[in-house]
Amino acid sequence: MSYAYLFKYIIIGDTGVGKSCLLLQFTDKRFQPVHDLTIGVEFGARMITIDSKQIKLQIWDTAGQEAFRSITRSYYRGAAGALLVYDITRRETFNHLTTWLDDARQHSNSNMVIMLIGNKSDLESRREVKKEEGEAFAREHGLVFMETSAKTAANVEEAFINTAKEIYEKIQEGVFDINNEANGIKIGPQHSPTNPSLPGAGGVGGSQGSACC
Amino acid sequence: MFRSRSWFGGGWGRPKNPHSLEHLKYLYNVLSRNQTVSEHNRGLLVETLRSIAEILIWGDQNDSSVFDFFLEKNMLSFFLRIMRQRSGGSNYVCVQLLQTLNILFENIRNETSLYYLLSNNHVNSIIVHKFDFSDEEVMAYYISFLKTLSLKLNAHTIHFFYNEHTNDFPLYTEAIKFFNHPESMVRIAVRTLTLNVYKVEDSSMLGFIRDRTAAPYFSNIVWFIGKHIQELDMCVRNEADHHSQNRLADLVAEHLDHLHYLNDILCLNITDLNHVLTDHLLHKLLIPLYIYSLATHRRTSSIAEGSVSKILWSSSSGPDSPRLQDPTSGRVSCVVALFLLSQVFLILSHSPLVQTLAWIILKTDKSVFEKGVTKLLEHYECEKKLLEDSYEETLVEDLRNITDEEKEKLAKNPSDFVATEKPFLETVYSALDCNENDYAALFGLCLLYAMANNKGVTTDVLEQVLKPKKSFSSKDVKYSYNVYLVEKLLSIVTLACQPTCRVRLVTLEITLKLLLQLVICDGKNILMDQHRPTIESCKSQSLALLRNFYKSEEIFLDMFEHEYCDMSKSSLNVEWLCMDSAILLPPAGTPMTGIDFIKRLPCGESEKARRAIRLFFLMRITALSLNGEMETQLPLTNPQSCVQIEQALDLNNSDLIACTVLYKDGTKMRRFLVIDVMQLILVEPDNKRLGWGVAKLVGFLQDIEVTGDKDDSRCLHITIHRPISGATTNRVPLLSAKFLFDDNIRCMAAKQRLTKGRIKARQKKMQHIARLLEIPGQSGPPSPAFTGQGLYGGRKNVRPMFVSSRCPGFAAPKRDSSPGVLHRTSRLQNDVSPSSSNRSRDSSLGRAKSREGSPRMPRPRSEEIPLELIKKTTLIDMAPKISILPRPQTPRIENELSQEKEAAPTIFISEETSFIGDRKTTNDGVETI
């Protein structure tokens, strides 16, 4: 399937906050009505449309690999967007956000768009973190904030798509160096050589070829 | 988006409950009737595969018969059959198939279910299947599948993947084929997988890894790293103008990724594997390419000659030549080599590796060097053996026989380590030459620092070169250090303290860091007499330099505090420094490069002032550390001594001005305004104790802005900016509100006191800085007091400040209980010995005199309350006068050097000093003259 851009995302946050479920919910909606089943997955891709352009989102979950520094390092660096997730029913997952954010800021490229997600908004009765607290944290650290539920799918689409919109805007503003794939952005195969509006797009194919093993 | 299709073709017998064995049976039927993938059924197949994943997970958690059915019908074989077809849209189906497998393996909790799934070798058949890897989606799902499987590996499951009999381990061997895939996420997945595999403790599997794959895999990695750093070198060479910093940043980050990956492997401590890896790294990469690049420059030795083209060694075999058979054929420039080696020593700590490297850099002599890498390593092995053998003998016997004098001679003969006979070390040393610039010096310092602080390098290699040496003579311990290196470092420091220097702050900071490590041993400063004056003169030089900027910049005080805060936020982290590709480019002066201030040269007067401030701090800290002293003068504000929010204050006898605070959002609050020495405090009456108040908002007087209201003479607009702090970059004002007073008199009083308070608070700090800078006219040694001490600061028991000025603006201090020093409560007063309170007062007066002793001092102005008088009078009714701030007056006039126009309310100082005096009596003694 052809696309104008491919954005790579990572999902970060404590274990058990529902990262892989969010991922699956977004990439494969059929798991939505399953109520008493938690299913997650570590990778998924989906096509979305922004500004009438096809954009492919690739989402990589980093769960279970925190033990290796080399791995987390490179994950952060290779992504254009990050979803930083906490669980609104577990205060400690909120408390750890700063650590995650510090890590992300240290390793990622400075343009990475980070969205803060308070997950499990369906469990209102067990809520430990107020929505306002999430909002305040996001405001303080310059993040976009949203509460979602992987179970009811509330706001899941929006979370991923809004992040993509922000990345797209940054591309339009020329903030992102799109010729540099290390930023987690790729120009679609058919777009690179022909589309004159993308500066220096020819370079992409070249660098790909040379690096191929 | 395909959900609608699921109804298509599933017309009959579809069970209502999607979570049931019946549903799986139905799906089985669908699969068996659609064994050939075609344009028509692919949507159906995808939907079926999705449903299978879901129902299997449900079954895993709820109904074991579901899994039994799946295995009984051998449904995985359908999967294989589907993926082996190369028909239209098969990639599309394959992607879902892989995702279904991902979901399965990731979500299965029941171990038995997992074993069943793995038991019939279908999974291995899927792993070795040649998917269409040119499709990036297939590639991504495939590699995720392999990675997911690797996360399931343990001592039990490994046997499903590694076949001892056939000596076959497809999961690993297939994965490493993609280790250099152009897609970074694929590479990362491969690395994750390899690490997950190595982690499994299974000797026969690890044997397979070592014997069958380690050599080719590691040599490939090494080869690619070699190729990579040549790209990096090229980039540095071509990017002298800071054009594509991004590309360089990526290359540097990539190199760090490589090193971290190698380190992650080495840290798993698999002896055999580490041996092979270390061997490859030393023979093929680190010595021939990294270390030998240091020596390429030896003869010309133009490292520090400024021009980049001179610095950068141009290799004869262009590093960009497409088919580099051996990365060693082209070496990299000296600066790049120093930088990369620093990274190696900062990240890797595997002892056999770093020990060898350190030894080679520090000890290799010319004769061995010329023989080449292999000989060099052999030589090292020999030396090591010799050393180990001789250890028993030498240490036990020889040393016993050597006389003290001989030992001393040995210790004092560091020329060994200076000798030009050591090509690598010589390069590092000569890089430290900053006469032209500090471009190469920074890397040389980083490398030396990294080696000296690497946990894997033992002291015997470093001793005398990078660590002080201790030798025991009969009576005492003798210390010695690398004189040559220390002199090199001192010359960098000297250059850095020159007004026109070309040394960046970061270079100076790391130089000082290294210097301290070299000359402090067992907590003692072992700096030789010949070197001590250099540090002292550098320190004076730094003072002199900063004096030029004192007050030349209007916001000097803010700059001073900001720089201090910035600096104390985090000390220099060399590892982070070496992650920054920007330092690889020749030192820049302009902030437009986006390079951190400390990593470039100052641009313009304002930045020169900043630099001078930093320089002053750095030299000050160094001098203090060398003398084993603690900082007692900085920061200018001591946060511990400030009033905190919610602190209860005894405000009996204090000047309180009632006001209503009107916030922008419309909220109103009734508060009392208290103006302390350094702080503005808004209090609310304490309902527990009469006359007490609870601080609801505190701000520093130095950070306030006060403006009157054009339309209402009872109103003031007050903005309190946040104090400079490292914690937040948030510069939203602490408070920005309209204050409404009872009448215009009180309003004016408040305005005057706030305005004056601001000036005084700032003056006080400036005077403190002046004392630190030893600016003439500041008599006496600097006070140990932090200027931040307010009246209420740091106290648990709070004392009255001003006597019963019930009505704000009316100063009616009744101070019989607190003679002279306003902030003493009667309670506390008893605790303070008369001598200490006298002493402190004296000292404060002394200072006041020197700084701002104005000729008018002895004449008490009507609105001021001379303390000496207060002492004797029980009550002075000054009702008609507006009290700005009472202040102590001294009857004597001494030392009128200062030309301050304003007679300072010196009471601030007396309070602060005596307050300290009662906390730190030791310092107080010093202070008193």
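The model is predicted, so local features need pLDDT of at least 70 and side-chain atom pairs pLDDT 80 or more, while totals for chains, interfaces and linings use all residues. Residues count from 1 along each chain as written, chains are lettered from A and ligands numbered from 1 in the order written, and side-chain values use heavy atoms, without hydrogens or water.

**Chain A overall**
- Chain A has 7 helices and 7 strands, taken as DSSP runs (helices H or I, at least four residues; strands E, at least two) numbered from the N terminus.
- Of its 213 residues, 59% are buried (under 20% relative accessible area; exposed is over 50%, partly exposed in between; 1.4 Å probe, protein chains only).

**B:Asn107**
- B:Asn107 sits in helix 5 (residues 90-107) of chain B and is buried at 10% relative accessible area.
- Its side chain gets to 2.7 Å from the backbone oxygen of A:Gly40.

**Salt bridges**
- A:Glu147 pairs with A:Arg127, closest N and O atoms 2.7 Å apart; A:Glu147 is in strand 6 (residues 144-147) and A:Arg127 in the loop between strand 5 (113-119) and helix 5 (131-141), so parts 20 residues apart in sequence are tied together.
- A:Glu147 is buried at 8%, whereas A:Arg127 is partly exposed at 22%.
- A salt-bridge network links A:Arg73, A:Arg77, B:Arg187, B:Glu254 and B:Asp257.

Methods. Polar contact = N/O pair within 3.5 Å; in protein donor to acceptor, adjacent residues only side chain to side chain. Salt bridge = Lys/Arg side-chain N within 4 Å of Asp/Glu carboxyl O.
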